[in-house]
Amino acid sequence: MTSTTAPPELRETTYDVAGRKIFAAETGDGPPVLLLHGGGPGASGVSNYRRNIGELAKEYRVIVPDLPGYGRSTKGIDSADPFGFLADHIRGLLDELGLHKAHLVGNSYGGACALRLALDTPDRVDRMVLMGPGGIGTTRALPTPGLNSLLNYYTGQGPSRLKLEKFIRHYLVFNAAEIPDSAVDERYRASIDPEVVASPPLQRPSGPNALRTLWKMDFTRDARLDRIPVPTLVLWGANDKVNRPSGGRTLAARMPNCDLYVAANTGHWVQFERAALFNRICADFLAGRR
């Protein structure tokens, strides 16, 4: 296991954002940084960033929300424009926090949320770190086996601990031994919350407007990507089985202020699997030291 500073005591607050409850934990002082978690079953902010919060809080005001549909936030999202819905509510959270601008750090689904927020309102984002973000070239190739595993979790015979363990150990990380059984158990319990089962926050688009939704969810179809001014660092695991590592090269080629770092022997969860590396690079980039 990667050793990191133990998570500090967190201040917990639930905010009212557009009539929905958004839970956020917070610690540290300094420039504000929002850590936006991924969209796997049972995910939540603090659990996804447990190896990073303490280190980043040495230099930053670290704010860790549960995205809409997850954790202690209100369940259900707008399935017609999921990334836009997430971005709108995180922007609303910034308003509730009294912040005009903040750094955004997003993994997978949270990375897609951060990127959409930056595309829609770049003046609200200082610097941005994206780890294997969703929505990169998703209409240009078939879904990966890892993404299929994620999207199929609530379909068929429904959620099970076995399905979740397979997703986490086989698709989420490079080294399955990194994940203790207790972490699988914790996420499984969260994934079978009746409100989540009734309205899973990450689903395949369906219905008559599915194609329009898919188009909105692929950032490579958005011309604004070529002129986004936000300084961005993309971190991608070379062995990511959920979102293709080639997405990192696509972003670096399209975004005018984008650096790319590919981490060897790493899967989809860079901030967890390579925590020491991530914490150092992320802190330096947000401070403008690299």
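Where does serine 108 lie? Serine 108 sits in the loop that links strand S5 (102–107) to helix H4 (109–120). Helices (H or I, at least four residues) and strands (E, at least two) are DSSP runs, numbered from the N terminus. The model is predicted: local features need pLDDT of at least 70, side-chain atom pairs count only at pLDDT 80 or more, and totals for chains, interfaces and linings use all residues. Residues are numbered from 1 along each chain as its sequence is written, and side-chain values use heavy atoms, with hydrogens and water left out.

Serine 108 counts as buried because its relative accessibility is 8%. Buried means under 20% relative accessible area, exposed over 50%, and partly exposed in between (1.4 Å probe, protein chains only). Residues up to four places away in sequence aside, serine 108 touches Gly38, Met131, Gly132, Pro133, Gly134, Asn243 and His268. Contact means heavy atoms within 4.5 Å.

The secondary structure of the protein comprises 12 helices and 8 strands. The C-alpha atoms occupy a box of roughly 50 × 40 × 40 Å along the principal axes. For 290 residues, a compact globule would have a radius of gyration near 19 Å; the value for the protein is 17 Å, which agrees. This radius is taken over C-alpha atoms, and the globule rule is 2.2 Å times the number of residues to the power 0.38. Of the 290 residues, 56% count as buried. Among contacts with a separation of 6 or more, 75% join residues 24 or more positions apart.

The protein exposes about 11,900 Å², and carbon and sulfur atoms supply 51% of this area. Accessible areas come from the Shrake-Rupley method with a 1.4 Å probe; for residues, only the protein chains shown count as cover. There are 35 positive and 30 negative charges, and their mean positions are 6 Å apart. Lys and Arg count as positive and Asp and Glu as negative, while His and the chain ends are not counted. Each charge is placed at NZ of Lys, CZ of Arg, CG of Asp or CD of Glu.

In H10 (residues 246–254), the buried residues are Gly247, Gly248 and Leu251. Seen down the axis of H10, they fall within an arc of 105 degrees, so they line one face of the helix. The arc is that of the directions from the helix axis to the C-beta atoms. Arg249 and Ala253 are exposed on the other side of H10. The buried residues of H10 pack against H4, strand S6 (125–131), strand S7 (232–237) and strand S8 (258–263). In helix H7 (residues 181–191), Val184, Arg187 and Ser191 are buried. Their arc around the axis is only 70 degrees, which puts them on the same side of H7. The cover over the buried residues of H7 includes helix H1 (45–48), helix H6 (161–172) and helix H8 (194–198).

Further buried positions occur in loops and in a helix. Leucine 67 belongs to the loop between strand S4 (61–65) and helix H3 (82–96). At 0% relative accessibility, leucine 67 is buried. Beyond residues up to four places away in sequence, leucine 67 touches Leu36, His37, Ser73, Leu86, Ile90, Tyr109, Gly110 and Cys113. Leucine 67 and cysteine 113 are 46 residues apart in sequence, with a C-alpha to C-alpha distance of 9.2 Å.

Isoleucine 281 is part of helix H12 (residues 275–286). Its relative accessible area is 4%, so isoleucine 281 is buried. Neighbours within four places in sequence aside, isoleucine 281 contacts Leu233, Leu235, Tyr261 and Arg290. Aspartate 222 is buried, with a relative accessible area of 18%. Residues up to four places away in sequence aside, aspartate 222 touches Leu119 and Arg254.

Two loop residues stand out by backbone angle. Most residues other than glycine have a negative phi. Alanine 18, in the loop between strand S1 (11–17) and strand S2 (20–27), has a positive phi near 55 degrees. Alanine 18 is exposed, with a relative accessible area of 71%. Asparagine 265, in the loop between S8 and helix H11 (270–273), has a positive phi near 50 degrees. At 52% relative accessibility, asparagine 265 counts as exposed.
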